[in-house]
Structure formats: C-alpha cells, structure tokens
Amino acid sequence: MTGEHGMETYFESHENGRLYLADGMSVKRQADIPMAAMWTIPKGAKADNSNASMAESDIRESASVAHLYGKPLVATESLTTNGMSGGAYSYYPGNLKATADLEMSCGTNRFVIHESAHQPVDDKKPGLGLMIYGQWFNRHETWAEMAKAWTDYLARSSYLLQQGRNVADVLYYYGEDDVITSLFAHEHPAIPPGYNFDYLNKEALLDLIAYDGEHFVTPSGNQYSVLVVSEKCQHMSQAVRAKLAILQQQGATVIDEKTRPKEIPLLEIQPDVMTADMSNLRYVHRTTADSEIYWLNNRAPAARTCDVSFRVSGLEPTLWHPETGEIEEVSYKMSDTQTTVHLDMLPEDAFFVVFQGKTRNKLKSVPEKQVIQLRQIDTPWTVHFDEQWGGPASIVFPRLISYTESSDDGIKYYSGTAVYKNNFNVQQKELDNGSILLDLGKVGCMAQVTLNGKEVGTLWKAPYQIDISKAVKAGENRLEIKVANQWVNRIIGDLQPDCDKKYTYTPTDFYKADSPLLPAGLMGPVTIKKRIEK
C-alpha cells in the first residue's frame, strides 16, 4: 500500500493461464492499483502469449478487486504487441481503438501503454524498442505530433469511468480450484445480456460480503442482487459452505449453476441496459451522488440505430462524446423505472450517456439530422513531402491516390507527414441553417485539418469527418491537410535491392523487401457536406 514516500504499487498477476501458487484476486488486493494486461493482435495473427478472451478475464479480475475493496483505479498494460506477428510499427489510434474500448468494457479506467522506450538520439528512427515488443509509443512515432487527440480520448473516457462506484447485479463465485484467467480463458460466465458482474473469490466472500436484507453489500459501498456459485467449483471448503448457508438463511439469492439452468434466472431484476439486439453491445455503469454514468460500446464494424433502455428514471440524459468532449441532447421517453434513449451508433463507436439533473419530462424529442453532400473537391492537389525522408519537396496529384500507387520511389515508400493543399468554394446560402462538414474519405492513417489558417482538428479514425462550420466562409476557402502515415513503408523501402540510401533504423528485422506496403496518404474522395435537421 501507499508508503511513507507517497509511492503506489501496481500489481499484475497471472495475465493468462500461467501456473502460480496464488489466487489472482488475492494477489491484486494487496496493490494500491490492481492491474491487468491486454495485447493488440493483428487480424489473422496467432496469439503467442495471450488472447483477448484471457485478457478480458484478467481485466475483470482486476476490476472486481477494485470494486469489492473500494479501489478507484483499474490499470491495464495496454495495447502490447509482438512485432514478429506482422504488425511492427503499423499501429495508430484508428486500429488501436477497438482494443482500448474492449479494455474499458471490462473495467479498465487507467491505461499504461506498452511501451515507450527512451529515444536518446534523433538520427535513429523509429529507434529503440523493448526487444520485439511494442506498440512503440514514443516521440519518434510518425504521428507523435498528432497524438493528443488520441490521448484526449483515452483521458476523457478514463476520467468518467473513474467517477463514483461501479454498478453490477451479479457476484460470481468461482471457487478455490483454479484462477480466473485459466477457468475463463476461452468462455466467460453465462451472465444474461443487460447485466454486469464482478468475480468473487473465497477471501472476499468470507471477509467482505454481507446481506442487508435486500442486497449483498461490501464495506466499499458496492451492492449486488444475486450471488452465483460457478459450476466449475469442484472443491468447497467448510468455511465457504457455512458462509453461503448463512447468507441464504438471511434471505439472500444464492444460485448454484450445477443445479440451476446455465442461463442465470434474473427475470425478477430489471436489466440495467437493454435493447432489442444486445449482440456486440458492451456497457459500463458508474453511479455518483447526483448522476448515473453509462459508457456504451458498439463492438460491431457496422453502424446501428437503436432505442436503449436504462434502469434510471427522473434524471435528464445527455450524450457525451469522448473524442471531442462535445455534449448533445438526445430523444428519450421515461417511465417510473427506466428511460429509453434513441441512439445512433457509428461502427465500433463508444460514448457516454450521462443522467443528471432532475426532470419531470417524460418525453423529449430532438429533431433528427441528415447529412447531404454539397460537392466533391476534384481539383488537383499540391502535396509537400519532407525531403529528409526521401519525398519530393512539392508535387501535384491530379487525383488522390495511395502513395503506394506512385511510380516515384520517394513517394511509394514515404513515411512521415505530407501536407496537402487545395481550395474550394462555398455559397452563402449553403452556410445557412445547418453545419458544414469536411469528409476526407479514406486516409492512411491520420490527418490534421487547417482551414483558412485556422486549425480545425485532428482525425484519427474512420469516418474521417469533421465539422468546419467555425472556419468556413462564403467564397473561396484555403484548405490544408497534414497527413501522417506509419513507418512500415519506409522500412520496406530501405530493404529494396536498389536502395542507395537507408532512412530508418530498427533494432530487429521485422520486414522483408517483398512485405506488403500499407495504404498511405490522403486517398479521398474529399467532400463538402451539410448537416441539417430533417
């Protein structure tokens, strides 16, 4: 625990199914900040050390410790990757977000990014690393100067997920036979959709759990409606049997999976979150003295529109966007026990629905919006590359292409930042009654937009679309887009047989001359759109 010098401890434990002579929850309860680990694994690559399912169990173990023992932070060694699996230096916020969101869905609210090796010199890039492991988050990353938008997303999300205490309905007792990351490495407890749960070990059951006549309660203030004894419990000590018997005698609901249906019967408890299709939908619920904070994550790669019911009534809901910090009104209808909110979710979207401020309104309708296209920018683009990294000082692209389509090796294998410039016109009548959007289409991999000399923002994931209403004007507009792509293409370019100058340094040979290049640059189409009320 925190010592006389104010230092705090972070404890990881098994991470996956490793054999240690200790229970993971017992280990982590000794830490100031319980910690887990989750790797980012390229699609199609073999998980050599851990997989996402194991990592989910590891994080939920840490989160359960934090919830039961009243620890506000749940840390995770985050986004770790093995560069030999084909993903070295290929990462950027857009392809890391799904892993970060999965971590948060399991309880993470503090990211410890793996890894950020010290880079003592400027003439060796990408530079040093931890053996073959990344994801190489340091000052030599090509998109380092654009990283604030990404870290702001993680920071805003983490901050809200640190508020108050966690809300879960189920305590899941897994017994004394094995550790969580082994028992649930590939299949998680069968908790019905719409409910959340915390793991429970012998130590916490005996020392923390009491029943107040309505809920299982802990000294930290957490409360639960149901205690489930896992079907995987083979051995049960006398002390555990006695404690469970006492709880049942007091009227508590204790369910043994071995004698009850695997689908836990929670029909008498209203779901905390529910919609018609709960597949690919994750949520976390935090409660404070004056607000209910729900984080929602659409895990699907497709957009969805749905009405989501929350177990809250009497408080006004608003939608909070962690990417931008923007807060917007939502349409809802309210009963005495729940509020149903109409939500539009982007592919792999994540946001907060925050309930605060008492209201007597039972119904609110916010005008729906639609986006129409005004025009496409199809005039030639002037593009400036950094000559220090092999690109031309300036070139005109008659049409937008991936660098990899160019016959100029300085462009084909370019890695770093390039600046695209163009002009477009907008009529005054188009500026009225709505907001103007800039859609960049396909980008490899991040973009920073400046319009008429005013920086508008950074785009780090699809859809690469941004509101430019505060910078756009009637008449001609000067558009400048800085685009950063990953190191991969330049590393591969340096391996070509006819390469007479090498630009990059890597401590390990991750690629070959014939390794596939990554799409790079601004590929478009770039369009001007308008968002209006229907």
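Visitor: Where does E348 lie?

Guide: In this predicted model, E348 lies in the loop between β21 (339-345) and β22. Its phi is near 50°, a positive value in a residue other than glycine.

Visitor: Let us turn to helices. At what angle do α3 and α4 cross?

Guide: The axes of helix α3 (residues 93-105) and helix α4 (residues 148-161) cross at roughly 10° and come within 11 Å. That makes α3 roughly parallel to α4, because angles under 35 degrees count as roughly parallel.

Visitor: Which residues meet there?

Guide: From α3, the residues are P93, L96, K97, A100, D101 and M104; from α4, they are W150, Y153, L154, S157 and L161. By class, the contact has eight nonpolar, one polar and two charged residues.

Visitor: How many aromatic pairs does the structure hold?

Guide: The structure holds 26 aromatic pairs. In one of them, the rings of Y153 and W460 have centres 5.3 Å apart and planes at 55°, so the pair is tilted.

Visitor: What parts does that pair tie together?

Guide: Y153 lies in helix α4 and W460 in the loop between β31 (454-459) and β32 (465-467), so the pair ties together parts that are 307 residues apart in sequence. Y153 is buried at 0% relative accessibility, and W460 is buried with a relative accessible area of 5%.

Visitor: How are the rings of Y294 and F355 arranged?

Guide: Their centres are 5.9 Å apart and their planes are at 75°, so the pair is edge-to-face. The pair links distant parts of the chain, with Y294 in strand β16 (residues 291-298) and F355 in strand β22 (residues 350-358), 61 residues apart. Y294 is buried at 0%, and F355 is buried at 0% as well.

Visitor: Which residues form an aromatic cluster?

Guide: W381, F385, F397, Y403, Y414 and Y420 form one aromatic cluster.

Visitor: Now M446. What does it touch?

Guide: Not counting residues up to four places away in sequence, M446 touches several residues, among them Y92, P93, W143 and W460. M446 is in strand β30 (residues 446-451) and is buried, with a relative accessible area of 0%. The C-alpha atoms of M446 and Q486 are separated by 9.2 Å, although the two residues are 40 residues apart along the chain.

Visitor: Last one: where is T504 found?

Guide: T504 is found in the loop between α10 (488-493) and β34 (521-524). T504 is buried, with a relative accessible area of 18%.

Visitor: Which side chain does a polar contact join to that of T504?

Guide: The side chain of D494 is joined to that of T504 by a polar contact of 2.6 Å. Leaving aside neighbours within four places in sequence, T504 is also in contact with residues including K125, P126 and W389.

Key. Residues numbered from 1 in each chain as written. Predicted model: local features only at pLDDT ≥ 70, side-chain atom pairs only at ≥ 80, totals over all residues. Heavy atoms only, no water. Axes fitted to C-alpha atoms, helices over the stretch in contact; angles between N-to-C directions. Helix = DSSP H or I, 4+ residues; strand = E, 2+ residues; numbered from the N terminus. Parallel < 35°, antiparallel > 145°, perpendicular 65-115°, else oblique. Contact = heavy atoms within 4.5 Å. Nonpolar A, V, L, I, M, F, W, Y, C, P; charged D, E, K, R; others polar. Buried < 20%, exposed > 50% of the residue type's maximum accessible area, 1.4 Å probe, protein only. Polar contact = N/O pair within 3.5 Å; in protein donor to acceptor, adjacent residues only side chain to side chain. Phe/Tyr/Trp six-rings, centres within 6.5 Å; stacked < 30°, edge-to-face > 60°.
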